[in-house]
Amino acid sequence: MSSKVFKDAQSALFDFKSGSTLMSGGFGLCGIAENCIDALTQMDVKDLTVISNNIGNSGRGLVKILVQNKIKKAFCSYVGGNPDLEKQMMAKTIEVELVPQGTFAERIRAAGMGIRAFYTPTGFATPVAEGKDVKNFDRPCILETALHADFAIIKAQKGDPYGNLWFKETARNFSPLMAMAAKTTIVEVEELVELGEIAPEDIHLPGLFVQRIFQGKDYKNDIEFLLLEDQS
Amino acid sequence: MSWTKEQMADKVISLFKPGSSINLGIGMPTAVAERIPPQSDFMIHSENGVLGVKGRPTKETVSPTLINAGKETISINKGASFFDSSMSFGMIRGGHIDYCVLGGMEVDCEQSLANWAIPGKKITGMGGAMDLVNGAKQVIIMMTHFSKDGESKLVKKCTLPLTGYKVVDLVVTEMGLFRPNGKAFEIIDLAEGVTKEQLKLP
């Protein structure tokens, strides 16, 4: 087996270049590819199209490359809690396509599954429907197209050298879908384990969809809103 | 006397059938989450990828990878499950979630909802709201009855950008419980002492 295992984020991103379309996993700051994002802050790249649910939050995550003006266009579903993105949107220094979150997930899934487009009632008669084909099934639906990417950067709790992945709790979110939708999927893991260590029936994403994997380090795993039983 | 937020939440909870799956939006619906009796058998869904949410964690059980769609730390019930965003929204869009409770800015007689954007104001994005209103079996809107100008937010026709067209089943406000039927709002229940005239219904 030719090796998919890389030393670190920098080496795994060796051919990443300006103008690329990048998918980045995570919901808010939960499950984001911290090492890859940090490596991107050190790279001389620009004019990126980024597909990510929140484009970071509260000055963290993808916001680190956003404030370096490396992102030209963003696809996301929610920007509340991301003042840096709101600022760039208002100043029109970035183009943002807001996509309903389920449509966002499905457009990414569709790309990975070979589906070119699909009809959904989500967004009908809203600003999301502008310029889109409408067709009546049981209800009026709008046509949404697949979202592809050149690269996906995702994080998993455990992965093996083939790229089989296991995600922890709610950190899975968009990551398996993005891994299937990108030409080159780069995975960072908290634990790089031996082949066979993750039981086949426990694999959340088969390694087929993963091109590169590395053992990450120094994870912050930030909590955005810490609420505990005795406080609430 | 109008209902308190807690009374509104209890009214919403009284609508849920035992064993229901429920998605609660951010904003006012979070009050519903706080009022759900601990012994209930509801399955609370959060669209970031969990079914079976139960309250808050302790200092010992808190985990940065266990959050709800509001990015707050949560705890889970026995029988809970985790999944990716595609399956999570498949639950919503495929019509498998029994109830969703969302906040609102305007609801109209035609059952349409506006709750995500005010032209010219700060943009936050729609998140999962547009999927929820089109997919959940029952869509319940929980909101204050009047705008800051004292106008009813239950209107003839929404003026703000829509979240969903002909999707709302019930509206709970501090004044009562209402059902838009295509032409008007039917009054299902009123807070004690509230009169029909006070509602300013269209």
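1. Helix H5 (residues 101-113) of chain A packs against helix H3 (residues 85-93) of chain B at an angle of about 125 degrees, and their axes are 9 Å apart. Here axes are lines fitted to C-alpha atoms, for helices over the stretch in contact, and angles run from 0 to 180 degrees between N-to-C directions. Helices (H or I, at least four residues) and strands (E, at least two) are DSSP runs, numbered from the N terminus. H5(A) and H3(B) are therefore oblique to each other; angles under 35 degrees count as roughly parallel, over 145 as roughly antiparallel, 65 to 115 as roughly perpendicular and the rest as oblique.

2. The crossing of H5(A) over H3(B) is left-handed, a term used if the near helix is turned anticlockwise from the far one by less than a right angle, with right-handed for clockwise. On H5(A) the contact is formed by Gln101(A), Gly102(A), Ala105(A), Glu106(A) and Arg109(A); on H3(B) it is formed by Ser85(B), Ser86(B), Phe89(B), Ile92(B) and Arg93(B). Two residues are in contact if their C-beta atoms, placed from the backbone, lie within 7 Å. By class, the contact residues of these two helices are 3 nonpolar, 4 polar and 3 charged. In this scheme Ala, Val, Leu, Ile, Met, Phe, Trp, Tyr, Cys and Pro count as nonpolar, Asp, Glu, Lys and Arg as charged, and the others, Gly among them, as polar.

3. The model is predicted: local features need pLDDT of at least 70, side-chain atom pairs count only at pLDDT 80 or more, and totals for chains, interfaces and linings use all residues. Residues are numbered from 1 along each chain as its sequence is written, while chains are lettered from A and ligands numbered from 1 in the order in which they are written. The scores are ipTM 0.96 and pTM 0.97. For chain B the mean pLDDT (the predictor's confidence in each residue, from 0 to 100) is 96, and 100% of its residues reach 70 or more.

4. Across the whole interface, 47 residues of chain A are in contact with 40 residues of chain B. On the side of chain A that touches chain B, helix H4 (83-90), H5 and helix H6 (175-181) of chain A each supply at least two residues. H5(A) gives the largest share of that side, 6 residues. The residues of that side comprise 23 nonpolar, 15 polar and 9 charged.

5. In chain A, strand E12 (residues 212-215) pairs in the parallel sense with strand E1 (residues 5-6) over 2 bridges. Two strands pair if DSSP finds at least two bridges between them. Strand E11 (residues 182-192) of chain A also runs parallel to E12(A), joined to it by 4 bridges. Ile213(A) of E12(A) stands opposite Val5(A) and is also the bridge partner of Val187(A).

6. Chain A also has an open sheet of 3 strands in the order E6-E8-E7, with antiparallel pairing. Its edge strands, each pairing on one side only, are strand E6 (117-120) and strand E7 (134-136) of chain A. The twist averages 35 degrees from one strand to the next. Between E6(A) and strand E8 (residues 140-145) of chain A there are 4 bridges, and Thr120(A) stands opposite Ile142(A).

7. In chain B, an open sheet of 9 strands with mixed pairing has the order E4-E3-E2-E1-E5-E8-E10-E11-E12. Strand E4 (76-82) and strand E12 (185-190) of chain B are its edge strands, and the twist averages 25 degrees from one strand to the next. Strand E3 (residues 50-53) of chain B pairs with E4(B) in the antiparallel sense over 3 bridges, with Phe82(B) in E4(B) as the bridge partner of Val50(B).
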